[in-house]
Structure formats: C-alpha cells, structure tokens
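Let's take a walk through this structure together. Have the view ready to turn as you read.

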Amino acid sequence: MNETGISSGVRILIVDDEKAIRRFLKTSLSSQGYEVAEAKNGTEALTALKSFRPDAVVLDLGLPDMDGVVVTKKIRELTQTPIVIVSVRDQETDKINALDAGADDYLTKPFSAPELFARLRAVMRRLARVQDDPVFNIDDLMVDLSKRLVKVKGTEIRLTPTEYDVLKVLVLNAGKVITHQQIIKQVWSKNQKDYEGIEHLLRVTVSNLRNKLEPDPSRPTYILTDAGVGYRLKFEA
Amino acid sequence: MLEQNHKNNDLNHSAPEVFLEVAASEELRKKGKLKIFFGYSAGVGKTYAMLSAIRRAKENGIDAAIGYVETHGRKETEGLLDGIEIIPRKTVVYKGASIPEMDLDAVLKRRPQIAVVDELAHTNAPGSRHLKRFQDIEELLASGIDVYTTLNIQHLEGFNDVVARITGIVMKETVPDRIMDEADEIEVADTPIGELLQRLKDGKVYLGEQAALAAQNFFNEGNLNALREITLRHAAQLVDDQVQSYLKRRAISGPWPARERLLVCITSHPASSELVRAGRLLAAGFDAQWFVVYINNSKFISEINRDRVMRTLQMAEQLGATALTLSGYHVAQEIINYARSNNVTKIILGKPLKRNLSDLLKGTIVDQVVEQSGDIDVHIITPKKNNKMQVEKPAIIKKSLSRYFNSILLVIGISLFGGVIQARLAPTNLAMFYLLGVVVAAIRWGRGPSVFAALLSVLVFDFFFVKPYFTFVVSDTQYIFTFAALLIVGLIISRLTVRTRDQAVDARAREAQATALYNLSRYLTAAKDISAIVDIVYTHFVQTFHSRVAVFLKEGASLNLQGNPGYPITEHEKAVATWVAQNKQAAGWGTETLSASVAQYVPLKTGDNIFGVLGIKFDYLGERLPLDERRLLETFATQIALAIERVLLVEEARQMQLMREKEIMQTALFDSISHDLKTPLVSIQGSLSDMLENKNLEERSKQAHLETAYEETVRMNRLVNNLLDTARLEAGAFKLSLKPYEVRDLVGTVIKEFEVPLKDRKVTVKISSDLPDVVMDFILMAKVLANIIDNAIKYSPFNLPIDIESAVADDYVEIKVLDRGLGIPKDDLERIFDKFYRVKQPENFEGTGLGLSICKRIVDAHKGKIWAEDRTGGGSIFTIALPLSKGHVHE
C-alpha cells in the first residue's frame, strides 16, 4: 500500500504538552505524508480545530490547562473529527472515560509509531465507510453488511441474530477499540437494567463468534480483547 | 496539719492559674528557708559571717531586715549593720528587770524576704509568746520569711552530752536536732584555734553567761579542738545528707554506689524514730542504700501504735530509706530472711528496754538476730531514756471496757446455765463450760477479756458450784487442782486462740491483697495497648480499694485525662495531678503535699520515667490511708507503670522493626530500580548515539542498533509498569473487579501482547473444552499471566517451546505456563514471589524481581495460589490456581 499516496493532503492535529513527543509525532506523521499542526494545550487545540480543520486529532489526556477528556467533549460538540487518545494513563477506567466521551481510539504511551499510524487509518476510514463499500474483508474473513453474509475461507458461516449484530458493530468500527457499553447500547437496545448480565452475554457471544470465525479460538486473530475496555476487530493484514 | 489544711484551702479559692503556678513550683517554697551559721564556739565569727551574707543579699536587691542581732559592742560587727534596717525590739519586763527581745509580731508585719535572728538557742524572757527563740523562727519560716541565724555546736541537743563529756559543762539552752536537720542551708563559721585563743586573750570575744565557763577552763586548746572537729564533721554530714536526700527525693538517678546496704528494724516503740535517724546517719556515713522495716508478727497492736509505726516508716521514707512492713510470726527470722534476700550488710536494732519471760527462755529478738546474722554486722542502738511508751488512749480503754463487760455477761450466762443443769453434772464437768466461755471471749473480744473471763470463771465456779456454796472457801482440796487447771488451761487457750484469730485475720487481709495484686498483674500482662490498661485500672480499683479513680497519661509534655474518671476532675485536682507528674511524687489527700484535694495522686513511674498520674478518691473517711493499703496502692501504681512501659516499649520496638524493614526495602528498591532502569538506557543511548555520529555505519548494523534500542524500550516500559503496579498495590489502590471470564480469552489476549517476542517459538495452548468460566479481575489476571509468560521468555532460550495449559484440579482452575529454560534453583522456589527477590542467574537476565511479587499479591487477592516447580526434563512450571466458582458454568 502506498501510504504516502493515501495520506497526502490529510491533516492531523497533534495535541501534547511535551515538546519531544510533538517533535517525534510530527516527524513520523509528516514522513507518512500527513499535513501536521501542533497544539500544546486544550485551548490551542480548540483554536486549531477551527483554523486548521484537521481530519484527525492525536490528543494527550494530561494537558496543562484542561483534561483531555474535557477537550474531547468540546471537540465533539463541534465536529465528528476522529480523535485518537495517546496517554500514559493505562487504567481501563481512563480509557473507557475517554472513549465514552467520544474519542475514537486509545493508545497507551509509550507506543510504537506503526501502531499509531494503523489506529489513525482505522478511525479515518470508518468515517469514510459510512457512504462507502458495505463489504469488509480481512484475511479469510468476509462480512457483507448489505446481504447479512459472513464467510470464512469462502464458506458461509451461520450466525445467530445477536452474534451478527455484535459482529456488525465491530465491522463498522473495525480497527478501533469499542467499549462493552458501546456495543451493548447498539445491540441490546437501551434497556440496561441488568448490565452485568448483558455484559456476560456479550462475552459469551464474542466467545461463540470466535468459535465460529477464528482458525484457533484460543489464539484469536480477528476479534481481539482490549482487557477491561472492550473489543477491536482486526483491520489491516 | 490543721494549719496546712487551712493554707491549702486558701489556695482552693485562688484563681486556678495562680494555683497551677504554685503547684508547679516546689511546695517547700511556701515555707521560708532557714540558713544557719554554725560554729564550734563563741567568737568564731558567726554573726560577722551572717551579716556579711546579708549585706551581699541586700546588694543583690533582696529585702532583708534585722529582727535581732547582738553585736556585743564589737566595732567590726557593728560596722556591718550600717545601712541595714533594724526592726525595733520590744522590751519585756520581768521581775522588775526589762529584757530586750525580738518583736516577733513586728517582724511578721514587716515581712522582709530575709529576717536576721541571731542566736538560735536563745531562751526568751518569760511572758514572751514562745519559750524558745527557735519557735519564733519556726513561726517566721512558716509565714514564708527566710531566716538567717547562728548556732554553736554545744547548743545542739544531740551533742549536749558529747560536749558535756568533753568539757564537763552541761548547757541549759538547747535546740532540737531537727531544727538543724531541716535547715535549708548551713554555713560553717570557722576560725583556727590559735586565732580564736588570741582573740579571747585580746578580749575581743564577748562571753556573757559563758564568762563563768571561761573560768572553768572551757576554752582550753584540747576542748576547742574536739569541739571544732565535731562541728565540722556534723556540718559536713548534714550537708551531705541534704544533698543525698534531695537527690533521692527528686528521684535523680544515681550513680548510687551502694556497696553497703543497711537494714533498720523498728517496733511500735516511740524510740524507733531514733533508730531511723541513727540509720540515716550511718547510711550517709557509709554512702549506703538503706531499708527500714517493721515486722508485723500478728500480735495485737493498738491503733495509736500502728499509727506511730506508720509515721516512723513515713519519716524513714522521707529520709531516703526504702520503708516497708513485713509479716511473719518469727520476727528475728523475718529480719534475717529479708536481710539475706536484699544483700543487707548491716542490721540496726534497738537495745531491748525490758525483758519478759519468753525473752529469758528464747533470748530477745536482738539475741536471736545476732545469733543468726552470720556475716551481717549487727549494730545495737541504745534509745534515750525519756522516750517512754505512751499510755493507751482512753478511747481504746473505753472500747476495751465494753469487751470486758461482755466477758462478765458471758460468765454470768454460763453460771446460770450451770445452775440449771447442776444436778445432773459433776462440778468438774461444769468447768468445761467455763473453758468454752474463755474460748468464745478470746475469739470475740481478744486477749484481755478472755484472760479476765478465765479468772472470773474460777472465782464464780468456786463461789457457786464448789462446796461450801456461796463462799470462796474450798473444803475439798482436789478442787484446788481443778481451779489451777481451769485457770492455766483458760489462759493458754486464750493466748492460743487470740493468736490464731489474729493470724487468720491477717492472713485473710494479706490474701486479699495478694489476690488483688495477682489479678491486676494478670490483666495488665494481657493488655495490648494503653487504652486496655486504662480500662483495667478503671474497673480494678473500684473493686480493690473501694475507691474511684482517674487516670492521667503523659502525652508529650502535657498530662491528659484518660477515659471516664470516677469523680469530677476540677482545675484544682488537675493542678495537683500536674504537680505530681512534674515532681514524680505522690500528693493530694492523705499526703503531706497539697493535701486539701479530694483525691490522692500517685505517679505512675518506673525508675525515673514517669508515664502518668493515678488519682484515687477513697471512700475511706480517715485522715490518711492505713499503711498496708498505702503499700498496696504503691505496688499497684508500679504495676500499672510497668505495664504502660511494656506496651510503649513493644510499640517502639515494632516501629523500629517496621522502619528497619522499610529501610531494607527501600535500599533494595533503589538498587533494583537504578540498575534496571539504567541498563536498557545504556543500550538505547549507545545504539542511537552510534547511529547519530557514525556516518559509515552499514545498513545491517543500523538495523541491529534499532532493534536493540526498540527491544530495550519495550523492556523498560514493562519495568516501569511493574513499578507502578507495585506502587498501586502498596497504596491499596487495587480494587478487584470480579466477573466470570473464559480462560481462553485471558490466554489469547495475553499471548497477543507477546506476538513479537514469541514469533520464533512454538507456543502450544491446551485448554480443556469443558473448562468453566473463572471469576477474576481480567486486567489484573492478564498482568499476572503476562509476567509469567515474560519470565518464561526471559529465562529460556529463544527457540524452545512454551506450553500453556489450563484444566480443573480439585476446586481450582489451574493455568500452567511450562518452559524449557534454566529452571529455578530449589532453594529459590519459595522465595521468588518475595518482593525484590531475584534468582541468581547469569548477568543477562534482569528484572526488578517485582513481577512475581505483584503476581502473588494479585492471585492472593483472588484467594488463589501461585507456585513454581521444576519440570521433568528441564525447565520450570508456573501454576496459577484460581478458585472454581460454582455459580457460573461454561455455556
């Protein structure tokens, strides 16, 4: 894949108070062909959002003037621009809070550059997908959302309605982590009286999906667990 | 006593802060201080020295005035009076002669800080308020005025006879020794003999009444030498005594080189106080530790004598002795036993003043002690003759009279009974009833009434029941034997019964004390903390002393009331407790200090360490507590203090241990962290700097450098995460979020993390298909498994397989990670889960040793187990066992 080609003209806003990190991100992302702008706090980020009009935001949570989660919410009030959080906070509650506030993905610092590129591509592609191709392909797995069709190595797999609904949410968000709550909201309606029970049901459903789709369910490759946060569907080979 | 109470009552009415101030200062301050200028003869310069001292005091701004000074017209002395206020004397007219005397009331009214009153031994003119001048001085002192006075050795009562023996002259004007003993300061005015003789020759010494003595050759060189020596020695001893008793009173800790240990044995005899004084002098002379004991041999002892014993023991204590009462029937034996068990080197006894029958048979107690003393010296002191045993108080006689009356009634009763059954019994058998009566009298009313009953019985028996009746005449001589037998048996029975009774009473009292003590110490020993001790004290004292208590504990510099006191604590009571805490000696009710308080306050101290104060409000209505109860109270206080000390020491030791452990941990942590954080940095910095600087670097080497740097950052990241996890665990910030999960999901998720490091290995995952879900905190358990897999990777060569297996075993789901690595030395298998423990391995294997300790904490929190073992064929097996949950079954 010619990544430079794909990325050319795409604008990324980097929000981080650490100069070294901004420098590293700018160097890496520029070399990928992205157009990069920097902000060192939340206020600058919100200003740049209007002036620079980025296609995606790479946002640190620990900003000097306001918390990254607050910045996320403020961005969401204005636009649906994808946001990838990069933070040293590694507790699952931090991740869930950021994701539920509207962030599209979450990377714990330190991270490798290719990992960040992949996440960025995933979040930006999701936005494009809405009007795009309803067929999702990864390795031996094929999901055709328009036909409710799932195939592994060309063989059709029979899924229960719940399994299909969960898989559909994953496919629509392929490549980014999606929290349990976000899946449950979309699959089990908004009636969440027995949240614990539904959460368990989700885990069972995912387990069954793996049994049907994964070549080795004990070492899943398609549906990945983000411990304590949610699931992520493999997006790139 | 009354006067003192009155004074304290005044204090009660003053503002609390004023009172606190007084309580904080020495109580002695309220009394004036007495300074004696002491000499061996007239003419040695006492008055001169005294006036010089007053001049110095005045120069220092102290308000001094002269109450009475006799300059005898000497110029040099008169010169010193210049500029010092002299309070006018008054003139007492006696038998037509007018005699000048100090105007006591004028001095009291003038109230100087220091009053000068010459010639302590002076006898006032008849008609004065006090007979002797020392009484005037005592009144001045009591009113708070300091007094400077002069005294010659020959006027001291205690030296009267010695001086008389030396000089052949008996002094009429004497001063009790206690005045000198209690003096606050003694300054010896000393002039060499030759000089004095010269001054005498020159007529510079006024001799007054001693003019006649001069004629009797009082002032010969030999006499003066002897007097001077006695004077100096006595003064030295007093000063030394004062220093020592001061130190002891203040409980200033030694060095007390107690080479000699003295034991003074006292009785209820008034002369016992003399024994104590003699003991003190000896103890001071030998620099010895000394004990004063009273042996209670269960014989009846009157209230007045008991009280005297108590006072004597108290005095002994004030003089620095360890004073106590011992119980035992054999006095001499008890003395020797006590002496032996306390390493006493000298025993001091009083010379017996009279001998009774049993003394003739067994020897006196002194004889017995001497006989059994072995290598202990025995000193026998002869008391002064005028110390006669005081007559029992009328109250006791009155009480006795009613007992005697009871005896008469009893004998009458028996006689009436005898009259009724006379016809059926031989008269000799009737005598038995009288004996019974004697026993009853002995048990109920003691020795005297029973002896009286015995005598009365013989007479009544003879009068009514022996022919011829109603006379004391006896016709049958055999009745003489009956009478004799009745009397002797009666007397013996009376004696034995009384003794048995007294011993039983005493034994009961002592048993009660022992039980109380035992109980207290038992409870105190079990007490784990201070509040438990306080509780025990509150519950215990009510039972033992019929009293209500308040416990104060020293917390830092302040003294704080603990728990719920049994009586109201007013500012005044608090102030007394504060005084006790500061002075480390008892005060309050029943003591001689601040006795106007409602409760007695005893320090809770061990040695010189004070932990608090115990306030006890007794229901007992007497003026002070009986001696034995006072002892018990002191023992209780000591027990409590020891318990507090023990608890504090244990706590201190625990803190020290914690600190030490923390220190060791910190050292290990720093060593570990500095090593483990720096090592990866070395590689990263090295690789990257080479790439930056070395322009000729081959592409292959660049790649190698980058791989190294990247791998090291991954490793460093893991280390930092472990440190953070440890910190969170330490802070208790880990909260388990328990939900049922598939082990397969757990294993799959963790393996995914290790995709890169595991890319060259064969990893086999064997999870039994019927494995139920396991309730766990997924994230924490993922950390555990990650750590173990990381270890397997680190400690085994890169191309050897790693197996992961999971199955049910008993009530657990086991997850095993098996490698083919180096294995773990047997000795280390247990310890690898300890914090900072690292298996001694070749250098290239690093880790803080935090990983496994974190794993263990997490698994423990899950009520699971984690262990390591050797794998047959090489390598090791790590097993995590998590409890099987019954509720959730695999679907």
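This is a predicted model: local features need pLDDT of at least 70, side-chain atom pairs count only at pLDDT 80 or more; totals for chains, interfaces and linings use all residues.

Residues are numbered from 1 along each chain as its sequence is written, and chains are lettered from A and ligands numbered from 1 in the order in which they are written.

Start with chain A, which has 9 helices and 12 strands; helices (H or I, at least four residues) and strands (E, at least two) are DSSP runs, numbered from the N terminus. Of its 237 residues, 38% count as buried, where buried asks for 20 or more other C-beta atoms within 10 Å of a residue's own, with C-beta atoms placed from the backbone. Two residues are in contact if those backbone-placed C-beta atoms lie within 7 Å. Among the chain A contacts between residues at least 6 apart in sequence, 58% join residues at least 24 apart.

Now look for the open sheet in chain A. Five strands make it up, in the order β2-β1-β3-β4-β5, with parallel pairing; two strands pair if DSSP finds at least two bridges between them. At the edges stand β2 (35-39) and β5 (105-108) of chain A, each with a single partner strand, so one side of each has no neighbour in the sheet. From one strand to the next, the twist averages 20°, with angles running from 0 to 180 degrees between the N-to-C directions of axes, which are lines fitted to C-alpha atoms, for helices over the stretch in contact. Strand β1 (residues 11-15) of chain A runs parallel to β3 (residues 56-60) of chain A and is joined to it by 4 bridges, with Ile12(A) opposite Ala56(A). Packed on this sheet is helix α4 (residues 68-78) of chain A, which touches β1, β3 and β4 (83-87) of chain A and makes about 155° with the direction of β3(A).

Over to chain B. Here too is an open sheet of 5 strands with parallel pairing, in the order β2-β5-β6-β1-β7. Its edge strands are β2 (64-68) and β7 (185-188) of chain B, each pairing on one side only. The twist here averages 25° from one strand to the next. Strand β1 (residues 34-39) of chain B is joined to β7(B) by 4 bridges, and Phe37(B) has Glu187(B) as its bridge partner. Across β1, β2, β5 (114-117), β6 (146-152) and β7 of chain B lies helix α3 (residues 46-59) of chain B, at about 165° to β6(B).

Further along, the pairing is antiparallel. Strand β24 (residues 876-883) of chain B pairs with β22 (residues 812-818) of chain B over 7 bridges and with β23 (residues 865-870) of chain B over 6 bridges. β23(B) and β24(B) form a hairpin with 5 residues between them, and Gly873(B) in the turn has a positive phi of about 90°.

Finally, where do the chains meet? The contact takes 18 residues from chain B and 14 residues from chain A. On the chain B side, the largest share, 7 residues, comes from α25(B). In that helix, 9 of the 11 residues are buried, so α25(B) is largely enclosed by the rest of the structure; among the buried ones are Val743(B), Arg744(B) and Ile751(B).

Conventions. A residue is buried if 20 or more other C-beta atoms lie within 10 Å of its own, exposed if 12 or fewer, and partly exposed in between; C-beta atoms are placed from the backbone.
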